[in-house]
Amino acid sequence: MLNLRPRQLLALSLLAGFLTMALKTLAWYLTDSVGFLSDAMESLVNVAGAGFALWMVTIARRPADDGHPFGHSKAEYFSAAFEGGMIFLAALAILFTAGERLLNPQPINALGIGTLLTVLASMINLAVAMLLLRGGKHWHSPALEGDGKHLLTDVWTTAGVVLGVALAVVFEQNWLDPLVAMLVALHILREGGRILHKAINGLMDNALPAERVAQLSEMLATIGGPQVQFTNIRTRAAAAQAFAQADLLVPGHWSVERAHQLADQAEQQLAALGIQLIVHIEPHP
């Protein structure tokens, strides 16, 4: 799985999105259940989110240029923000449709076939979500992670919808169907808020996770011996890229060449961790 790169994983997600949307739309058509309709509408969001994420990851992988000397990796955060916004729109549409059906309940038809199609779509989403989440962790990709979390939420959403529709049929209480759809809408609103919040945080140059900061600090402390010191360490994450800056304090009698050799050593060692380090050299007080 980890041999698949972010663009390949998102292309797989997009393909799965079209397939599950078709299955869930057919389930809604056969049953006329507003719960199944809400599930199909969230699948439409999945397709839009995966397509936009694929576009943003393509941009993010472009090399640095004169206009973007630190690269384009932050484009991935726009993907997460877009997906969060699409989730909000889908939730509002579900609330509107379910509200109308709650006032005018309708019978549910062909429950068995519709449920089978919806469960099949959910299993596809679960498999792809696991791949995306593992890929997001491996590639440090917020676009993959955001799409994976959304698909995983869709799995739980489907489980709730199937339960609500089944209860409506078993107890002959058709109002349970739109009620569950409204609960689904509130649930995905919450998930959309989480995704949006994380995207905004990413655009604000968050520091690297504490464990990575501790790792790089420990590595810098071992470079150069007791005569030198790395201070004022600052880090920031930009999607799949990680940056760090530090001041290197060296004895005043050192030559410029010797200090730069040490700085180059530090930059090379952190590059092996996937962190781009910039070192500012200062004489030791």
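## Asn232 in strand β1

Asn232 is partly exposed, at 46% relative accessibility. Partly exposed falls between buried, under 20% relative accessible area, and exposed, over 50% (1.4 Å probe, protein chains only). Asn232 lies in strand β1, residues 229-238. Its phi is near 50°, a positive value in a residue other than glycine. Helices (H or I, at least four residues) and strands (E, at least two) are DSSP runs, numbered from the N terminus.

This is a predicted model, in which local features need pLDDT of at least 70, side-chain atom pairs count only at pLDDT 80 or more, and totals for chains, interfaces and linings use all residues. Residues are numbered from 1 along each chain as its sequence is written, and side-chain values use heavy atoms, with hydrogens and water left out.

## Helices α2 and α5

Helix α2 spans residues 34-60 and helix α5 residues 142-170. The two pack at an angle of about 175°, with their axes 10 Å apart. That makes α2 roughly antiparallel to α5. Axes are lines fitted to C-alpha atoms, for helices over the stretch in contact, and angles run from 0 to 180 degrees between N-to-C directions. Angles under 35 degrees count as roughly parallel, over 145 as roughly antiparallel, 65 to 115 as roughly perpendicular and the rest as oblique.

From α2, the contact includes Gly35, Phe36, Asp39, Glu42, Asn46, Ala50 and Val57. From α5, it includes Ala143, Asp147, His150, Leu151, Thr158 and Val165. Contact means heavy atoms within 4.5 Å. By class, the residues of this α2 and α5 contact are 10 nonpolar, 9 polar and 4 charged. Ala, Val, Leu, Ile, Met, Phe, Trp, Tyr, Cys and Pro count as nonpolar, Asp, Glu, Lys and Arg as charged, and the others, Gly among them, as polar.

## Helices α3 and α5

α5 also packs with α3, at an angle of about 20° and with the axes 8 Å apart. α3 and α5 are therefore roughly parallel to each other.

On the α3 side, the meeting residues are Glu76, Tyr77, Ser79, Glu83 and Ile87. On the α5 side, they are Pro142, Ala143, Gly146, Asp147 and His150. The contact of α3 with α5 divides into 4 nonpolar, 3 polar and 3 charged residues.

## The second largest pocket

How is empty space found? Rolling a probe the size of a water molecule over the atoms shows where it is left. Here a pocket is an open set of points on a 1 Å grid over the protein atoms alone, where a 1.4 Å probe fits, with protein on both sides within 12 Å along at least five of seven lines. Lining residues have an atom within 4 Å of a point.

The second largest pocket has a volume of about 170 Å³. That volume is the space filled by probe spheres set on the points, with grid points joined across faces, edges and corners. Its lining consists of Tyr77, Ala80, Pro142, Glu145, Gly146, Lys149, Glu191, Arg194, Ile195, Lys198 and Ala199. α3 (75-103), α5 and α6 (176-203) each supply at least two of the lining residues. α6 gives the most, with 5 residues. By class, the lining has 5 nonpolar, 1 polar and 5 charged residues.

Ser13 lies in helix α1, residues 6-31. Ser13 is buried, with a relative accessible area of 3%. Beyond its neighbours within four places in sequence, Ser13 contacts Ala50, Val128, Leu132, Asp147 and Leu151. Of these, Ala50 belongs to the α2 side of the contact with α5, and Asp147 and Leu151 to the α5 side.

Met41 lies in helix α2. Met41 is partly exposed, at 22%. Setting aside neighbours within four places in sequence, Met41 is in contact with Ala90, Ala93 and Ile94. Met41 and Ala93 are 52 residues apart along the chain, yet their C-alpha atoms are separated by 8.4 Å.

Leu120 lies in helix α4, residues 111-139. Leu120 is partly exposed, at 44%. Leu120 and Leu23 are 97 residues apart in sequence and 8.0 Å apart in space, C-alpha to C-alpha.

## Around α8

Ala263 lies in helix α8. Ala263 is buried, with a relative accessible area of 3%. Outside the four places on either side in sequence, Ala263 contacts Leu248, Val279 and Ile281. The C-alpha atoms of Ala263 and Met56 are 34 Å apart, across 207 residues of chain.

Gly252 lies in the loop between β2 (241-250) and α8 (256-271). Gly252 is exposed, at 63% relative accessible area. Gly252 and Leu196 are 56 residues apart in sequence and 49 Å apart in space, C-alpha to C-alpha.
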